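Reader: Can you walk me through this protein model? I'd like to start with the overall picture and then go inside.

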Amino acid sequence: MNDREMSCNSGGQFMDRGRMNQNGVVQPLLTDLYQITMAYAYWKSGKIDDQAVFDLFFRNNPFHGEFTIFAGLEECLKFLDSFHYSQSDIEYLKQTLPEGIENEFFEYLGNLTAHDVTLYAIDEGTVAFPRVPIIKIEGPLIIVQLLETTLLTLVNYASLMATNAARYRMVAGKHVKLLEFGLRRAQGPDGGLSASKYSYTGGFDGTSNVLAGKLFNIPVKGTHAHAYITSFSSLGELKTRLLKHKQTGVMEDLLEHAIRHRQMLSHVLDVSTEESSEGELAAMVSYAIAFPDGFMALVDTYDVKRSGLLNFSAVALALNDLGYHALGIRIDSGDLAYLSCLAREAFEKVAERFKVPWFNKLTIVASNDINEDTILSLNEQGHKIDCFGIGTHLVTCQRQPALGCVYKLVEINGQARIKLSQDVEKVTMPGNKNAYRLYSADGHALIDLLQKDTEQPPAVGQKVLCRHPFQESKRAYVIPSHVESLYKIYWQAGKICQQLPTLEQVREKVQISLKTLRNDHKRTLNPTPYKVAVSDNLYNFIHDLWLQNAPIGELS
């Protein structure tokens, strides 16, 4: 294995970089044109050796909530690892950039790598808050400027998606399964893959996206579409009726078993067999023969009560005769709370009448344009749904389609830089900073504190003055019971410096991190804002620099 495939962290441990499948679309030219024109202007101005610090952060939590899940870090590290302008990239830029750009600049670009960049970040899967940089980049001005757009596109959607998924997980509860069904509604193939990956990170249990399953080792789940049911119109269309008994190996007629059970079930469920669809029965028998150990059927193609539940139960009992257990049903339309209760009641009747206790545990899956509010409403109605299949609202993040991360210069050649604005929200916090999370005695996170990098970290049991960065009267003393330093060096000297977690470990990190927040920070309606503060030294520094840079008006 060569140097490009191995990485050494600070403890001397090596990690296999072969598992880091690089998305071929993520490359230096995946950027905005002005990054490259600025790079030339920097180069032309003699700023090749200037050293800069940029903060990547967001200004507001999404979805009217009070937390955000940080995701996308591994993709950022892959990008740094592979950062290099190819010869075809250089040729394209020569044709695209304005005339007059010197050839020496293109030679400079051709030799550029991320070797001299240092990337600090909070752990992927950690809860993050506005204004606290989730990534901090240090290095030569030109290269760290060129990284901006690509890092933002890798972090923005990933964090938004993981946060959206985490919110669905919270409202659904820990005992209900969540499946991502959004590939067909996602913003293109890359959007679909990212949605599958980061919904799993945020707490979903699986995806319908087969490629995501292969690439990211996410459990793949699915049933069938209404098209499969409607493709059959009569029992005579069944080409195959025989299924081998699971224990004896004897071939038996599954349809015959199903018809016999359907007749008895019609009395138990108080439904006439004449009202039910024979084409639906044929389709279910066909599907059960194909997947006897994984039979889960869509029951709302015609009528859940008068046809779907009767036909499903008949086929499930027929499978039971041959030693197999069905998995459950999916409902994709109608009154989901009512229909799920109706289905559970039917399964309980069947379990008691036919002495098949496992019928009580059949899974009820619900889909049909479900969003966060839908689940909250279903909870209030007392649904009996075991699993939600969620697509459009999840993957498109319809409640808020963008997170709004930004990437701002905060220091150059050791000198702090500040961006001013009439909108205080857009004033940046200057200088190279460290971030700490202070915890109370009960283990909950109290406040995130930003300090100048030259300050001593806050200490357990010692009083710390925490100030609002822009409102002078908002301040409080905090005596932390535990202090967590949020930043780790993830990239330095051309190498990844931490053992990267697996997707499963990041997924687990999300839930652990969320548990550190009080419930009032996580509630869906009017959550309590989580506090982000600056040290007294940083507060004074910000405002001194503000006064130095703000123009003085003149009245006449």
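This is a predicted model: local features need pLDDT of at least 70, side-chain atom pairs count only at pLDDT 80 or more; totals for chains, interfaces and linings use all residues.

Reader: OK. How many helices and strands does the protein chain have?
Author: There are 18 helices and 25 strands, taken as DSSP runs (helices H or I, at least four residues; strands E, at least two) numbered from the N terminus.

Reader: And how much of the protein chain is buried?
Author: Of its 556 residues, 54% are buried, meaning under 20% relative accessible area with a 1.4 Å probe, protein chains only.

Reader: Which residues have the most contacts inside the largest nonpolar core?
Author: They are Leu119, Ile135, Leu147, Phe295, Phe312, Phe359 and Phe388, in a core of 161 residues. Such a core is a set of buried Ala, Val, Leu, Ile, Met, Phe, Trp, Tyr and Cys residues joined through side-chain atoms within 4.5 Å. Helix H6 (residues 148-172) gives the most to this core, 13 residues.

Reader: New topic. What does strand S8 pair with?
Author: S8 (residues 177-180) runs parallel to S15 (residues 387-390), joined by 4 bridges; pairing requires at least two bridges found by DSSP. Leucine 178 stands opposite phenylalanine 388 in S15. S8 also pairs with S9 (residues 206-207), again in the parallel sense, over 2 bridges.

Reader: Which residue of S9 is opposite glutamate 180?
Author: Threonine 207.

Conventions. Residues are numbered from 1 along each chain as its sequence is written. Side-chain values use heavy atoms; hydrogens and water are left out. Buried means under 20% relative accessible area, exposed over 50%, partly exposed in between (1.4 Å probe, protein chains only).
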